[in-house]
Each structure stands twice: as structure tokens, then as C-alpha cells.
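Student: I'd like a close look at one part of this model, please. Start wherever you like, and then carry the walk on in one connected answer.

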Amino acid sequence: MAGNPKTPRLWRDVILFDGLDTRPEPMAVIVTGERISHVLPMAELDDGLADGCEEMGHGGVITPGLVDCHTHLVFGGSRADEFEQRLEGVSYEEIARRGGGILSTVQATRAASEDELFDAARPRLEALMADGVTSVEIKSGYGLSVADELKMLRVARRLGEALPVRVVTTLLGAHALPPEFKDDSDAYIELVCREMIPAAAEQGLADAVDVFCETIAFSVAQCERVFAAAEAHGLPVKAHAEQLSNLGGSAMAARHGALSADHVEYLDEAGVAALREAGSVAVLLPGAFHTLRETRLPPIAALREAGVPMAVATDANPGSSPIFNPTLMLNFACTLFRLTPREALAGMTAQGARALGLREQGGGGPGRIAAGAPADLCWWDIESPAALAYAVQPGRLRQRIFNGEVTHDTAHA
Ligand code: NIG
Ligand code: FE
């Protein structure tokens, strides 16, 4: 390996979840520099290979580093007051119509400086990382002006530079209608298409473009205009769709080759078929379902039967999912949505990476454990991969390895 002085590091006798499946026998994993160099059954690990390695540990479970493919981690303020209103029976939609909800976070986010937003988001991101996240998507969407959306995206980029984690940024200009465009949502969509997307693309601040396709947000036709602008700037698209009603946003997103359709509680058969044909991922967000006490379940059986890849994410945000605990979402995905533990874990590893477009990168992207992939790994103190979804129990992460570096280590603390 040209110029790489690092000794290979070996984890032996581990139970390995490779991103899609659990290997049937005890495994060895070797990391050389920033990449996984060997993944092999213990029976095939010969002394010559093992002797050249630094031994990191044995036993437990190794999974890919977790991929949280849908978050709104950068925001100002808090919405604890709305939590209380909802407990008293006021609905999420009603709060939004009264000018609260997303718009109250917009006010606080606009008022915050870039440094203030960074300082507020950092501990949220650190909480995800302490629970195993090595790749995370962060959306804008609480700025809703060109300057404030770019400000949010710069904060997201800075978080990725300051901390050992892969940050993928998404421009969500079409999240809500800002007050200055009240009664003229088409004019706001024009601003998103003509100014926001071009500026974000030009400054390299956005890796993708998202929309909120919903009665309380934007119509299918408006979202389609946003997608056309994104495509003109070479940016992949995705949608918050079928969360509170069925407008057909997921099918429209699929027609645009969307990376994913997210939430999808109200997705119908035609929507499932459209996602399957496009190869788009259905991103399941059980934290929002739980927080909003929704009752309509996403069509899991139909998605499974159609072979639509299902990802699981936190949707960490101040309103519908103030949850910064990805392994809890594995549990919720199973208990609330009836995913199997294997599906849930694949949803937060291989399928999460796919939803971010990371799978297509040469040499295998994150989210999988295979020779050549980046060494983003979690080593857990559990008896089986399913235990991660089964028990709600902090403190099980022995080591977190990002890009070959051990960044959290309780095994040798
Ligand atoms: O993914 N659905 C819309 N957007 C966010 C909620 C944002 C908020 O309430 O602040 C979501 O649930
Ligand atoms: Fe969201």
C-alpha cells in the first residue's frame, strides 16, 4: 500500500452483520489504513495474516457504522411548548396552520448566527455519533430565504469538517411557505428554483434537493418544478411524501428517479410500484410516527413484497421527531412498523447509504462491510445483531471506527 505506514488492525471472533445479513459463522475483520482490507471466516484466518496485525479485540458484534439518512439537525430554538399543546389535543397540522410548527423554528433559525447554529447542532450530532452513526444526512429547511438556507447548509458542511463523521447535505427550501410569501406559494417556489437551488449548487453546499409534498406544504406540481430545477443543476432529488395524506408525491418523485421517498405512511399500491420501478428507497421514520401519535402505518408488507429497499432514520428535528437516538429507532421500526430486526438494521446501514446515493461510489461506499469499503464500523457489546433492536439500552457501543480511526472506545477506557 503506497505510503501507508499503518499496521493492519484485527477484530477476531466477531458476529458480523455486513449491512444486509448476519454471517453464519464467527468472522475476522481487518482494517488497513482508512479501508476494510479483509473480511473472512475465522476458519480462514491463518497465523501469517493475523501475526502482522495489531489485535483490537474479540467477541461481540460488528456492524457497519450506522447511516442516519434523514435528519434536520441544524435548527434554532425549541418546540417544547408545542409538545405540550399537542398533549392537550391540538394537532400538528393545526399548530402549523396557526403559524407555529415549522415556522416557529424558522423564526428562531433566522435569528441565530451561523456560529450559534453550529454550537447548538454539534451536541445533537455528537449524540448520534455516540450511538454509532458514522454517516448522516443534514437538511436545511428552516431558513426559507436564500441567505438563511445557505447559512444552514454551511453549518451542516462545517459540522462534517469539525467532527469525524460523513455529512451529506440536502437543500430543503420547499419545506414550508415563509410568512413573506403568504398567499403566493408559486412565487416562493420560483425563488427556490431560480435563486436558492442555483446558489446552493454553485457554492457546492447541497448534495441533494428535498421537498415537503403535503397539503400543509407544497403541491405535487410545485414539487415537480423544484425537481426540474434540481435536475438542471445536476442534483439528485428526494421527497417528504405521503406523511399525512396521499397526494401522489412519492410516485412523482419516483418518476424523477428520486433517491428516496420519506415517511410514506399513506403510500398506496401505485406508489409502491412506482418506487420499485425507479429503484427509489422508502425511508421509514418511526420517530415522527411515534411523536405525532399517528395511526396509519406505512405499507410495509407491500414494500417488502415488491422488493422496495426500506431505510430507517431518526428524522431528528425540533417538531415531529425530537429524537437523537438512532438505535431506539431500530426498536421503533420493529415494534411500531413490524420490520424484522434484520430489516431495521439494514435500513440504518446498507439501505440508508443507498438512500444517500453513497452506494454507487467506486469500491463500495459506507453501509456495508466488505473488503475495499471505507472502514466505518461499530463494535458492539451484544450477543447478536438483533439485540440492537430488541433492547433499548445505552452504553453498548464498544468502539466506533470512522474512516479507519477509532473515535469512541469504551473497550479500552
Ligand atoms: O420530517 N415533514 C416535514 N418535516 C419534518 C418536520 C419538521 C418540523 O416539524 O420541524 C419531518 O417530519
Ligand atoms: Fe423530515
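**From a loop to the ligand site**

Tutor: Let's begin with D21, which is found in the loop that joins β1 to β2 (27-32); helices (H or I, at least four residues) and strands (E, at least two) are DSSP runs numbered from the N terminus. This is a predicted model, in which local features need pLDDT of at least 70 and side-chain atom pairs pLDDT 80 or more, while totals for chains, interfaces and linings use all residues. Residues are numbered from 1 along each chain, chains are lettered from A and ligands numbered from 1 as written, and side-chain values use heavy atoms without hydrogens or water.

D21 counts as partly exposed because its relative accessibility is 39%; the scale runs from buried (under 20%) through partly exposed to exposed (over 50%), with a 1.4 Å probe and protein chains only.

D13 lies in β1, which spans residues 9-16, and D13 has a positive phi of about 55 degrees although it is not a glycine. Most residues other than glycine have a negative phi.

L144 is in the loop that links β7 (133-139) to α6 (146-162). Is L144 buried or exposed? Its relative accessibility is 1%, so L144 counts as buried.

Several other loops are worth a stop. G77 is found in the loop between β6 (66-68) and α2 (80-87), and it counts as partly exposed because its relative accessibility is 48%. The C-alpha atoms of G77 and A373 are separated by 38 Å, and these two residues are 296 residues apart along the chain. Past α2 comes S91, placed in the loop between α2 and α3 (92-97); at 33% relative accessibility, S91 counts as partly exposed. S91 and R293 are 202 residues apart in sequence and 9.9 Å apart in space, C-alpha to C-alpha. G234 sits in the loop between α8 (220-232) and β10 (237-241), and it counts as exposed because its relative accessible area is 61%. Between the C-alpha atoms of G234 and S78 there are 35 Å of space, with 156 residues of sequence separating the two.

Now for a helix with a lot of cover. Helix α13 runs over residues 326-335, and nine of its ten residues are buried. Those buried residues are P326, T327, L328, M329, L330, N331, F332, A333 and C334.

That brings us to ligand 1. Around it are 15 residues, of which R79, Y92, Y142, Q243 and S320 come nearest; near here means a heavy atom within 4 Å. By class, the shell has four nonpolar, nine polar and two charged residues, where Asp, Glu, Lys and Arg are charged, Ala, Val, Leu, Ile, Met, Phe, Trp, Tyr, Cys and Pro nonpolar, and the rest polar.

An N or O atom in the side chain of Y92 is 2.4 Å from an oxygen atom of ligand 1. For Y142, a polar side-chain atom lies 2.6 Å from an oxygen atom of the ligand, and for D315 the corresponding distance is 2.8 Å. Taken alone, ligand 1 exposes 330 Å², and the protein buries 100% of that; these areas come from the Shrake-Rupley method with a 1.4 Å probe.

Definitions and conventions: Polar contact = N/O pair within 3.5 Å; in protein donor to acceptor, adjacent residues only side chain to side chain.
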